[in-house]
There are 2 protein chains.
Amino acid sequence: MQARMPTVPGVTTHSPIIVLDSGLGGLTVVRAIQKAMPAENILYFGDTARLPYGNKSAGTVTAFIRQIINHLMPQRPKHVVIACNTGTALALSALRSEFGGLSISGVIDPGAKAAVTAAGAKAVPAIGVIATEATVRSKAYERAILRRRNHARVYLKPTPLLVPIIEDGRMANDPLVRMALGQYLQPLIERKVDVLVLGCTHYPIFRDSIEDLMGPTVAVIDSAEQCAEDVARRLKVRHLLKPPVDPTDTNAHGWLRCFVTDDPARFARLGSRFLGTPIEQPTWVSPDDLYSAATPAAALRLPA
Amino acid sequence: MQARMPTVPGVTTHSPIIVLDSGLGGLTVVRAIQKAMPAENILYFGDTARLPYGNKSAGTVTAFIRQIINHLMPQRPKHVVIACNTGTALALSALRSEFGGLSISGVIDPGAKAAVTAAGAKAVPAIGVIATEATVRSKAYERAILRRRNHARVYLKPTPLLVPIIEDGRMANDPLVRMALGQYLQPLIERKVDVLVLGCTHYPIFRDSIEDLMGPTVAVIDSAEQCAEDVARRLKVRHLLKPPVDPTDTNAHGWLRCFVTDDPARFARLGSRFLGTPIEQPTWVSPDDLYSAATPAAALRLPA
């Protein structure tokens with residue numbers, strides 16, 4: 001695999017990485033990228049006017065993400081991360097074909113890889129995945145895990161209320177949160193899973209509670225961290241990693257610019273919980289400006 | 001008030017009523033209209049690709065509903081019902097001004113009127129309203145109630161998880177549903193409200209449980225029924241009520257045609273719970289076809 005990867009013309013090590021999601025959850029991926037590669041410049045897009053993606057169809061979610069990528073293409077990204085499990089499950093493969101010259105990755109393959117590694121030497125490990133309805137229905141995690149380990153038992157559990165509960169700002173000690181987690185995790189505890197994948201970028205918010213409920217023998221995989229490592233590897237292969245900065249010099253850190261389709265103030269208020277640090281007010285993009293027929297993917301397809 | 005109301009040109013008693021909502025909830029209004037006026041023809045639009053509206057901003061929700069009305073205008077509606085409390089709270093007033101010649105109504109004023117009537121002769125009745133975050137924040141219910149009764153105590157309680165819980169298909173006997181209702185209604189029970197308004201067209205699904213929790217002295221108001229009566233009154237004033245049909249002749253009933261922006265099959269599967277009768281597969285409308293700049297409200301503004 002020494003073939004040189006195609007690249008957007010004009011891209012340099014200083015070009016931004018696009019991280020996109022339906023809302024706030026993808027900021028956990030930004031946090032992991034900032035930790036792994038503090039020098040990188042990041043454009044974050046949260047499609048808050050049309051969230052959530054997790055209970056919508058493949059056609060709809062693919063159309064939304066296509067619009068977002070088209071909208072941000074003039075920024076000449078060196079890489080695009082679909083930092084949303086539903087978006088990865090439903091749209092990654094189609095959009096990779098459509099945007100031929102653009103490097104795009106998701107969160108599912110890195111999560112599946114980490115799950116298989118965590119399962120270790122066990123002959124037939126049991127791997128549980130909690131995710132949105134759409135991610136579960138897509139069978140993307142099953143495929144990604146079984147491609148790496150033929151002999152695994154994979155249990156997928158749709159957990160559709162966790163995103164609304166988290167977006168509502170509820171904390172882990174709320175009785176309703178405890179009941180929802182209990183209801184959702186019980187069948188996976190009964191099946192004695194060895195590994196549990198948090199198959200949605202929102203879920204790391206409740207990681208501690210989930211680990212408590214699953215018990216100390218279960219490895220809990222947060223796909224955000226794995227995704228950041230995957231992005232670093234992809235950039236390195238393409239010689240597009242931004243040179244590391246001196247971590248004592250905060251001015252030398254990369255920038256983060258955010259875009260949202262709904263209320264910027266709400267995003268700034270709630271986003272810091274996901275990012276782990278205060279977040280600047282994002283720029284508002286009207287959903288009308290994302291109209292995809294005005295900028296069809298074909299018109300922007302890049303030379304390979 | 002004998003002034004003749006302006007009307008869309010070409011409208012007759014047989015013209016359809018448009019009922020629109022973010023998703024499924026507005027079907028409770030369709031059900032009430034079908035019960036009150038079985039002869040009427042109805043076009044229902046569920047914006048399932050972009051639901052929910054209840055946690056989004058006024059600008060976003062107004063833009064979405066403007067697009068939907070523009071899209072359906074060629075059907076020459078005799079009336080438009082925003083069958084969504086959030087949509088009514090955030091967009092009704094602006095869209096009434098924009099679409100000058102079009103008759104548009106919502107669900108909040110009818111609900112507020114019924115609440116005041118139910119409060120009866122009590123000197124200072126306590127009226128509770130449960131609704132989405134956006135509806136509560138808009139203060140639309142407070143204004144509508146206090147316009148009719150100066151001396152009322154109005155308690156608004158945002159209940160943002162009820163729509164996701166209902167859209168998830170959970171039933172009233174689910175422990176999580178009981179806990180959520182308990183958490184949300186407790187402060188209203190403590191304030192000894194005389195009347196409780198279900199300020200979201202989804203909530204009638206849990207009406208029995210809510211009545212049980214509130215106790216027999218609290219009047220529970222379902223704005224769907226009140227909204228249907230309001231529509232009937234508006235059509236009657238304009239001499240646009242369709243002549244009543246013989247209820248024994250089912251062929252003489254009005255038709256219902258549905259449109260959605262996401263998966264039609266899912267809508268048909270879940271919709272009958274709201275409509276109370278089986279529902280035909282709706283027609284899919286791409287969110288791209290709703291691009292409002294292509295058909296600005298101004299271009300379609302009707303002669304008064």
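Against which helices and strands do the buried residues of H11(A) pack? The model is predicted: local features require pLDDT of at least 70 and side-chain atom pairs count only at pLDDT 80 or more, whereas totals for chains, interfaces and linings use all residues. Residues are numbered from 1 along each chain as its sequence is written, chains are lettered from A in the order in which they are written, and side-chain values use heavy atoms, with hydrogens and water left out.

The buried residues of H11(A) pack against helix H1 (27–36), strand S2 (42–46), helix H7 (162–167), strand S9 (256–260) and strand S10 (283–284) of chain A, and also against helix H5 (133–138) of chain B. Contact denotes heavy atoms within 4.5 Å, and helices (H or I, at least four residues) and strands (E, at least two) are DSSP runs numbered from the N terminus. The buried set in H11(A) consists of Pro264(A), Arg266(A), Phe267(A), Ala268(A), Gly271(A), Phe274(A) and Leu275(A); buried means under 20% relative accessible area, exposed over 50% and partly exposed in between, with a 1.4 Å probe and protein chains only.

Helix H11 of chain A comprises twelve residues (264–275), which at 1.5 Å a residue should span 16 Å, and the 15 Å between its end C-alpha atoms agrees with this. The expected span is 1.5 Å times one less than the number of residues. Gly276(A) follows H11(A) and has a positive phi, near 85°.

Two of the strands packed against H11(A), S9(A) and S10(A), pair in the parallel sense over two bridges, with Thr283(A) in S10(A) as the bridge partner of Phe259(A). S2(A) and S9(A) are likewise parallel, over five bridges, and Gly46(A) stands opposite Val260(A) in S9(A). Strands are taken to pair if DSSP finds at least two bridges between them.

In chain B, five bridges join strand S1 (residues 17–21) to strand S2 (residues 42–46) in parallel, and Val19(B) has Tyr44(B) as its bridge partner in S2(B). Five of the five residues of S1(B) are buried: Ile17(B), Val19(B) and Asp21(B) point one way, and Ile18(B) and Leu20(B) the other.

An open sheet of four strands in chain B has the order S6-S5-S7-S8, with parallel pairing. Strands S6 (153–158) and S8 (219–222) of chain B stand at the edges with a single partner strand each, so one side of each lacks a neighbour in the sheet. Strand S7 (residues 195–198) of chain B is joined to S8(B) by four bridges, and Leu198(B) has Asp222(B) as its bridge partner.

Thr28(B), in helix H1 (residues 27–36) of chain B, counts as buried because its relative accessibility is 9%. The side chain of Thr28(B) reaches the backbone oxygen of Thr201(B) at 3.0 Å. Leaving aside residues up to four places away in sequence, Thr28(B) touches Thr201(B), Ala224(B) and Phe274(B).

The mean pLDDT of chain A, the predictor's confidence in each residue from 0 to 100, is 91, and 91% of the residues of chain A reach 70 or more. Over residues 1–5 of chain A, pLDDT is below 50, and this stretch has two contacts beyond near neighbours in sequence. For the complex, the predictor gives an ipTM of 0.87 and a pTM of 0.90.

Note on methods:
Polar contact = N/O pair within 3.5 Å; in protein donor to acceptor, adjacent residues only side chain to side chain.
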